[in-house]
Amino acid sequence: MLPLPLFRHHAPTTLGEAVALMAELGPEARIVAGGTDLLPNMKHGIVEPEHLVSLSRVAELSGVSVEEDVIAIGAMTKLDQLARHELLRAEATALAEACALVGGPHHRRMGTLGGNVCLDTRCVYINQTYFWREALGFCLKKDGTQCHVVASGKNCVAAASNDSAPALIVLDAEIELYGPDGVRRLGASDFYVADGIVNTVKRPEEIVARVLVPRRAAKQTRFEKLRRREAIDFPQLNTAVRLEVTDGKVSDVDLVVSTLAARPKRIKSVQKAIGEAPSEALFDRLADLAFKQCRPLTNLDTDPEWRRDMVRVLVRKAFARAALV
């Protein structure tokens, strides 16, 4: 069993205290929520913070509430709670389904929505022991100068592996950040960038406080996930869809595919389906559109061609399920 390195632990009781600590401690500090991803990465030497600022005692960051036309979800709300929450299952189905498929039961009881939103990217060449990575010569993401996925690449292509991200994007959710300069809100689609080393626009001193999901007719959202086992494993591929039908015709449609690269990919061409009647043939065409635009890399430990073939399967299944509402 790998030991944790030494660090100083801080346990603020308010969001303001936590923000002040992050500003004071600087780049040597990391936020810890459930710790299900950060602590293993510390054991492997992938991240090496000198300070951990725990949010476990900040009560204002937990819970689900309705504020006018949005569902407000505290960043420290457990994934297991969100997976079973009746309001989310009814009005933000894709998010509830995504939370239900993160890791295994113990991960969901410990893990939080904010932690999953900010989950570090993963790659077969970084998520290994220090000994393994040293023998390889390290990589762009940590300690090295070469990308082993794209040999001539100048940018890290580690894959986004957070199941909540595609769901939040199709739900048009906003992410609320608190920092020394105050509060800012970003659309989930603007929160992620194509950088495998740091794939969000969150500043180091900022804290994700809440996720805001619009209350609208969003029962037609669905989430699908590909992994080798039905529990524990990180995704090899995941996707979320939105399908709204008015008077028998598609009035709104959205599709996001993730775990291909550092940033979830929105497939804008599915907008061609607007005005058509939902059908098996339409879902096949939408799946083909996604297949043409999705090209997985060798950044995960399974065959990229198999992952690409499964894009069709997951997208078609998600749209067919959404049409049953």
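Let's start with a pair of residues you can find in the structure above: His10 stands opposite Val53 in strand 3. This is a predicted model.

- Strand 1 and strand 3 run parallel and are joined by 3 bridges.
- They belong to an open sheet of 3 strands, in the order 1-3-2, with parallel pairing.
- Strand 1 (8–10) and strand 2 (29–32) are the edge strands, each pairing on one side only.
- From one strand to the next, the twist averages 25°.
- Helix 1 (residues 15–25) packs on this sheet and touches strand 1, strand 2 and strand 3. The direction of helix 1 makes about 170° with that of strand 3.
- As background, strands of a sheet pair through backbone hydrogen bonds.

**Arg227**
- You will find Arg227 in the loop between strand 9 (221–226) and strand 10 (237–246).
- A polar atom of the Arg227 side chain lies 3.3 Å from the backbone oxygen of Arg229, and one lies 3.5 Å from the backbone oxygen of Asp233.

**Arg57**
- Arg57 sits in the loop between strand 3 (51–54) and strand 4 (64–67).
- Is Arg57 buried or exposed? Arg57 counts as exposed because its relative accessibility is 52%, and the cut-off for exposed is over 50%.
- Leaving out residues up to four places away in sequence, Arg57 touches Ala11, Pro12 and Thr13.

Terms used
Residues are numbered from 1 along each chain as its sequence is written. This is a predicted model: local features need pLDDT of at least 70, side-chain atom pairs count only at pLDDT 80 or more; totals for chains, interfaces and linings use all residues. Side-chain values use heavy atoms; hydrogens and water are left out. Helices (H or I, at least four residues) and strands (E, at least two) are DSSP runs, numbered from the N terminus. A polar contact is a pair of N or O atoms within 3.5 Å; within protein, one must be able to donate a hydrogen and the other to accept it, and residues adjacent in sequence count only if both atoms are side-chain atoms. Buried means under 20% relative accessible area, exposed over 50%, partly exposed in between (1.4 Å probe, protein chains only). Contact means heavy atoms within 4.5 Å. Two strands pair if DSSP finds at least two bridges between them. Axes are lines fitted to C-alpha atoms, for helices over the stretch in contact, and angles run from 0 to 180 degrees between N-to-C directions.
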